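The following report is intended for a reader who meets this structure for the first time. Please keep the sequence and the model in view while reading.

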Amino acid sequence: MSFSLSQQNDTIIALATAQGVGAIAVIRLSGKEAISLTNQVFFGKNLKKQESHTIHFGTIRDGDKIIDEVLVSLFIAPKSFTKENVVEISTHGSSYIINQVLKLFIRKGARPAKPGEFTQRAFLNGQFDLAQAEAVADLIHADSETSHQAALSQMRGGFSSEIQELRARLIHFASMIELELDFGEEDVEFASREELRTLVERLLRVVEELILSFDLGNVIKNGVPTVIAGKPNAGKSTLLNALLNEEKAIVSEIAGTTRDFIEDEINIGGVIFRFIDTAGLRETTDTIEAIGVSRTQEKMKTASLILYLFDLGDTDLVEINRDVNKLENQGVPFLKVANKIDKANSLLVNELKEKHPDTIFISAGQKDNLEELKARILVLVNLDKFRTGNTVVTNVRHYDSLVKTRESLLDILSGLDNEVTNDFVAMDIRRSLHFLGEITGEITTDDLLENIFRNFCIGK
């Protein structure tokens, strides 16, 4: 989705609200001729004589035919989202009306907008940088409090300002070293090598912290894959149904009922968890059930959290200890969840409280103690860093650029250790600046922009 200069000068139009019938619809235009085109078909006030950020009532007409009564909102350049003239027409939500208005404007000279073209124009016109532009899409798709907060922080420049500050410091040293190259024969030093080392080491610490934050950022953006694992009939499907508050999984007294895995999302404390109810872990001669058990083991390896569920009326301490040891060797965070407390063997309960004091006792069938379980799940996710306002990386493109930045910063330190010549040091600094610039958009290519904006919805 690359654009020529002439296309970028077009006046574009698109439906900005969701497709389908609704009470109202908003049709958006952006471009130099947005106001004059609207004025040709709008009967009310003369829009060319009105001030920015005003709303006007009238009708949209195709010749003598009235299409609809509308409200027209004016945003005069540069005081708009795209920094161009922008008009937003609020019509009734009939698909017929929407199509008639769109076709009318296209006949008058507007062009249908491509996915993300409004946001791309905002970026190209300097409204915000590329990282902030990407956050617009994340904000639209945010489905939890934490993903909304992360996208909003990035859109308002929290992540960008930190990257730009790092880049500005490095640019200063790059310019000093480039100056030294101009005076190579005079053996002068404008940039202290020790100060450069100190700066690069500081930058590395910040970049490393941002790279490490990606694991948390990925959880915030995509949800926490959480596997419910345990023996057949431990109550895994019952627990999933209780957490979802609906009959999603089949519950049966027959062991091995769940042959594959069932997955659904739950919002706990503003965080999306993707809970996966799996086939019971046991030795089996049933071919289909064996495939389910194998898939369970694979899911456990890729999970961010495991709920190890066991039946208090059908398990002993030896078996629990064996399963816990296996889970500890996997290295995935897990919670020990003792189910069917209403049918529990009191001796086993006392043993668990002594040997495994972090066990959570619940009754999935009776929905007892599920709130404590949810609270303990949230503790394991550890959102303290995010909630204190630290910058969190949620975008895989940013993560990739940060990893490349780290590599080039390490090359600078290696060059300083080996006393390489200024031209090699300058080259490594330029590489670091390039990768940091890719994040905020100082460095872009048509392919990069196409890949980013084609994933936006039309009208944004």
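Glu 371 is exposed, with a relative accessible area of 58%; the classes used here are buried (under 20% relative accessible area), exposed (over 50%) and partly exposed (in between), computed with a 1.4 Å probe and protein chains only. Glu 371 forms a salt bridge with Lys 374, a term for a side-chain nitrogen of Lys or Arg within 4 Å of a carboxyl oxygen of Asp or Glu. Both residues belong to helix α13 and stand three residues apart, about one turn of the helix. Helices (H or I, at least four residues) and strands (E, at least two) are DSSP runs, numbered from the N terminus.

The model is predicted: local features need pLDDT of at least 70 and side-chain atom pairs count only at pLDDT 80 or more, while totals for chains, interfaces and linings use all residues. Residues are numbered from 1 along each chain as its sequence is written, and side-chain values use heavy atoms, with hydrogens and water left out.

**Salt bridges**

The whole structure contains 18 salt bridges. Three of them are set out below.

| Pair | Closest N and O atoms |
|---|---|
| Glu 165 and Arg 169 | 2.6 Å |
| Glu 371 and Lys 374 | 3.6 Å |
| Asp 411 and Arg 431 | 3.0 Å |

Glu 165 and Arg 169 are separated by about one helical turn, because they are four residues apart in helix α7. Glu 165 is partly exposed at 44% relative accessibility, and Arg 169 is partly exposed at 27%. Asp 411 forms its salt bridge with Arg 431, a pair that links distant parts of the chain, with Asp 411 in helix α15 and Arg 431 in helix α16, 20 residues apart. Asp 411 is partly exposed at 33% relative accessibility, as is Arg 431 at 30%.

**Overall composition**

The chain has 460 residues, of which 47% are buried, and its secondary structure comprises 17 helices and 13 strands. Among contacts (heavy atoms within 4.5 Å) with a separation of 6 or more, 66% are between residues 24 or more positions apart.

**Nonpolar cores and a surface patch**

A nonpolar core is a set of buried Ala, Val, Leu, Ile, Met, Phe, Trp, Tyr and Cys residues joined through side-chain atoms within 4.5 Å. The largest such core holds 29 residues, and those touching the most other members are Ile 163, Leu 170, Leu 196, Leu 402, Leu 409, Ile 412 and Ile 429. Two or more residues come from each of α7 (158-182), α8 (193-222), α15 (396-417) and α16 (422-440). The greatest share comes from α8, with nine residues. Another core lies apart from this one and has 25 residues, including Ile 27, Ile 35, Leu 37 and Val 41.

On the surface, Ile 55, Phe 57 and Leu 71 form a nonpolar patch with about 330 Å² of accessible area together. Patches are made of residues with over 30% relative accessible area and no salt bridge, like charges being joined within 9 Å and nonpolar side chains (Val, Leu, Ile, Met, Phe, Trp, Tyr) within 5 Å. Phe 57 lies in strand β4 (residues 54-62) and is exposed at 55% relative accessible area.

**Buried polar residues**

Arg 28 is located in strand β2 (residues 22-30) and counts as buried at 12% relative accessibility. The side chain of Arg 28 makes a polar contact of 3.1 Å with the side chain of Glu 88; such a contact is a pair of N or O atoms within 3.5 Å, where within protein one must be able to donate a hydrogen and the other to accept it, and residues adjacent in sequence count only if both atoms are side-chain atoms.

Asp 129, in the loop between α4 (117-124) and α5 (130-141), is buried with a relative accessible area of 8%. Asp 129 and Gly 441 are 312 residues apart in sequence, yet 5.9 Å apart in space, C-alpha to C-alpha.

**Backbone features**

Most residues other than glycine have a negative phi, and most peptide bonds are trans. Asn 369 has a positive phi near 65°, and Glu 419 has one near 55°. A cis peptide bond, with omega about 5°, joins Ala 77 and Pro 78.

Notes: Accessible areas come from the Shrake-Rupley method with a 1.4 Å probe; for residues, only the protein chains shown count as cover.
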